[in-house]
Amino acid sequence: MPAQLIDGNALAKKVRLEIATRTAILTAKGVKPGLAVLLVGEDPASQVYVRNKVKACEDVGMHSILERHPADLSEDKLLQRIAELNLDASIHGILVQLPLPKHIDSHRVIEAIAPEKDVDGFHVANAGALMIGAPLFRPCTPYGCMKMLESIEYPIKGARAVIVGASNIVGKPMAMLLLQAGATVTICNSKTKDLPAHTKEADILVVATGKPKMITGNMVKPGAIVIDVGINRLPDGKLCGDVDFDEVKYVAGAITPVPGGVGPMTIAMLLRNTLRCYALNSTKES
């Protein structure tokens, strides 16, 4: 029997409808949440991501701007532009698309964003707040993963959760959110010995490595919940995740597809965080 499919498109649609309703109420009062998205360089994947993010804002009635900058933009000029947006009352959230060109220090750029406008939740102040369970913003992808677990009413408390991938963007914040929900959490990385020994113990398996189909059916505990964060393009042009979906769907209890799983929920949570940015900034201004 194939696993239950956790449909990110369907779930994201419900979230977007809720956000559109809330945005319409604000618009009727003469205000509109605003998001600025900055893209540096010509990375094809990044161009798709930012286009989808801006369109999502427009679809729910938010104000959004997309700034495209050349790959040779200096770090100082990017920091200067962020400083200007920090002071722009019409912009409540700021997102700088990663990765940045090698000559730009992404840590400096993230730290330049005002914490209350850090819609991605990557600023050290927000990362620290997440660590103690009081985040201003939850990073969008882990936040979306948690909502997907909620959607199937999976009992996280007491569950064994294994995360494959230890990035600041997904792996580490995902671990914090699962830990705060009561799971026992293991984070695996590229140096983990005997990875299958860990993944086969997981009630909840979250995979975010950027390696196509690295998790196979014999690495998954029967009945486990599998959240596939990866999105990779194969030589034939098809998209796939970090999990071998065709194998794992016959072992897992529930699984997210790629595409149509975590991706749509990441953007939905970006919209929710933008509303949160508006609430924080409007309170600050009043």
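In which helix does Met265 lie? Select residues 262–285 and you have helix 10, which contains Met265; helices here are DSSP runs of H or I with at least four residues, strands are runs of E with at least two, and both are numbered from the N terminus.

Before going further, note that this is a predicted model, in which local features need pLDDT of at least 70 and side-chain atom pairs count only at pLDDT 80 or more, while totals for chains, interfaces and linings use all residues. Residues are numbered from 1 along each chain as its sequence is written, and side-chain values use heavy atoms, with hydrogens and water left out.

**Stop 1: around Met265**

Met265 is buried, with a relative accessible area of 0%; buried means under 20% relative accessible area, exposed over 50%, and partly exposed in between, for a 1.4 Å probe and protein chains only. If you leave aside the neighbours within four places in sequence, the residues in contact with Met265 are Gly8, Leu11, Ala12, Val15, Gly144, Lys147 and Met148, where contact means heavy atoms within 4.5 Å.

**Stop 2**

Now select residues 75–86, the twelve residues of helix 3, which reaches 17 Å from its first C-alpha to its last, close to the 16 Å expected at 1.5 Å a residue; the expected span is 1.5 Å times one less than the number of residues. Colour Glu75, Leu78, Leu79, Ile82 and Leu85, which are buried in this helix. They cover an arc of only 120 degrees around the axis, which puts them on the same side of helix 3, the arc being that of the directions from the helix axis to the C-beta atoms. On the other side of helix 3, Asp76 and Lys77 are exposed.

What do the buried residues of helix 3 pack against? Show strand 2 (34–40), strand 3 (63–69), strand 4 (93–96) and helix 4 (106–112), against which they pack. The three strands form an open sheet in the order 3-2-4 with parallel pairing, where two strands pair if DSSP finds at least two bridges between them. Strand 3 and strand 4 are the edge strands, each pairing on one side only. Strand 2 and strand 4 are joined in the parallel sense over four bridges, and Leu35 stands opposite Gly93 in strand 4. Helix 3 packs on the sheet, and its direction makes about 175 degrees with that of strand 2; such angles run from 0 to 180 degrees between N-to-C directions, with axes fitted to C-alpha atoms, for helices over the stretch in contact.

**Stop 3: helix 7 and its cover**

Move on to residues 171–180, where seven of the ten residues of helix 7 are buried, so the helix is largely enclosed by the rest of the structure. Among the elements covering these buried residues are helix 5 (124–131), helix 6 (140–151) and strand 7 (204–207). Strand 5 and strand 6 also belong to this cover, and five bridges join strand 5 to strand 6 (residues 184–188), the two running parallel. To see one of these pairings, select Ile163, whose bridge partner in strand 6 is Ile187. Just after helix 7, Gly182 takes a positive phi of about 100 degrees.

**Stop 4: the cysteines**

Finally, a search of the whole structure finds zero disulfides, a disulfide being a pair of cysteine sulfur atoms within 2.5 Å.
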